[in-house]
Amino acid sequence: MTSVKQVQITFDCAEPERVARFWCAVLGYVVPPPPPGFADWGAFDRALPPERQGSAFACVDPTGAGPRLFFQRVPEGKVVKNRLHLDVRIGPGLVGEERLAALEAECARLVALGATRVRLLTADGYDESCLVMQDVEGNEFCLD
């Protein structure tokens, strides 16, 4: 049996570069270098047929530890709740007020980047508090 070596997370969206740059800022990811022969991604994009321009973008963990994120343009918008979402791990090991303070501080930073706060899920005796948010196109994620 073959084992999986890498995972890429793919986002369907309307504006791939905009959503990718949001997630770069959230996670500290970077835009990878353009393909050989192109000075930048803009030059690569302009070399594509008009219907393909702006149709995809990617970002990567600069340490190589995290998965590549790929963003692809799709014609339909988000209609219902995500069946898969990212948990951005802000407070591992933190509990109570210390955890809430860390979640709120990161929430404020991400709202300034264009995210939307949805709701706070408070600790319930089993799970610690987390904050449900949406990215710049309404995709849900949690600050955990």
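This is a predicted model: local features need pLDDT of at least 70, side-chain atom pairs count only at pLDDT 80 or more; totals for chains, interfaces and linings use all residues.
Visitor: How many helices and strands are in the protein chain?

Guide: Read along the sequence, the pattern is β-α-α-β-β-β-α-β-β-β. The protein chain has 3 helices and 7 strands.

Visitor: What share of the residues in the protein chain is buried?

Guide: The C-alpha atoms fill a box of roughly 55 × 35 × 35 Å, taken along the principal axes. The protein chain has 144 residues. To count as buried, a residue needs a relative accessible area under 20%. Buried residues make up 31%.

Visitor: Which residues does leucine 143 contact, leaving aside its neighbours within four places in sequence?

Guide: Leu143 is one of the core residues that touch the most other members. Contact here means heavy atoms within 4.5 Å. The partners of leucine 143 are Val88, Ile90, Leu103, Glu106, Cys107, Leu110, Cys130, Leu131 and Met133.

Visitor: How are the rings of phenylalanine 22 and tryptophan 23 arranged?

Guide: A pair of aromatic rings is described by the distance of the centres and the angle of the planes. The centres of phenylalanine 22 and tryptophan 23 are 5.4 Å apart, and their planes are at 85°. Both residues are buried. Planes over 60 degrees apart count as edge-to-face, so this pair is edge-to-face.

Visitor: Which residues do ring pairs link into a cluster?

Guide: The count comes to 8 aromatic pairs. Phe22 and Trp23 both belong to the cluster. The members are Phe11, Phe22, Trp23, Phe71 and Phe141.

Visitor: Why is the pair of tryptophan 41 and phenylalanine 44 edge-to-face?

Guide: Both residues lie in helix 2, 3 residues apart, about one turn of the helix. Tryptophan 41 is partly exposed at 28% relative accessibility, and phenylalanine 44 is partly exposed at 25%. Their ring centres are 5.4 Å apart. The pair is edge-to-face because the planes are at 85°.

Visitor: Which element gives the most to the lining of the second largest pocket?

Guide: This pocket has a volume of about 320 Å³. Its lining has 18 residues, and Trp41, Phe44, Asp45, Ala56 and Phe57 lie nearest its centre. Helix 1 (16-27), helix 2 (41-46), strand 2 (56-59) and strand 3 (68-73) each give two or more residues to the lining. The element that gives the most, with 4 residues, is helix 2.

Visitor: How many nonpolar residues are in the lining of the second largest pocket?

Guide: Sort the lining by class. It has 3 polar residues and 5 charged residues. The nonpolar residues number 10.

How values were computed: Residues are numbered from 1 along each chain as its sequence is written. Side-chain values use heavy atoms; hydrogens and water are left out. On a 1 Å grid over the protein atoms alone, a cavity is a set of points where a 1.4 Å probe fits but cannot get out, and a pocket is an open set with protein on both sides within 12 Å along at least five of seven lines; lining residues have an atom within 4 Å of a point. Grid points are joined across faces, edges and corners, and a volume is the space filled by probe spheres set on the points. Ala, Val, Leu, Ile, Met, Phe, Trp, Tyr, Cys and Pro count as nonpolar, Asp, Glu, Lys and Arg as charged, and the others, Gly among them, as polar. A nonpolar core is a set of buried Ala, Val, Leu, Ile, Met, Phe, Trp, Tyr and Cys residues joined through side-chain atoms within 4.5 Å. Buried means under 20% relative accessible area, exposed over 50%, partly exposed in between (1.4 Å probe, protein chains only). Rings of Phe, Tyr and Trp (its six-membered ring) pair if their centres lie within 6.5 Å; planes under 30 degrees apart count as stacked, over 60 as edge-to-face and the rest as tilted.
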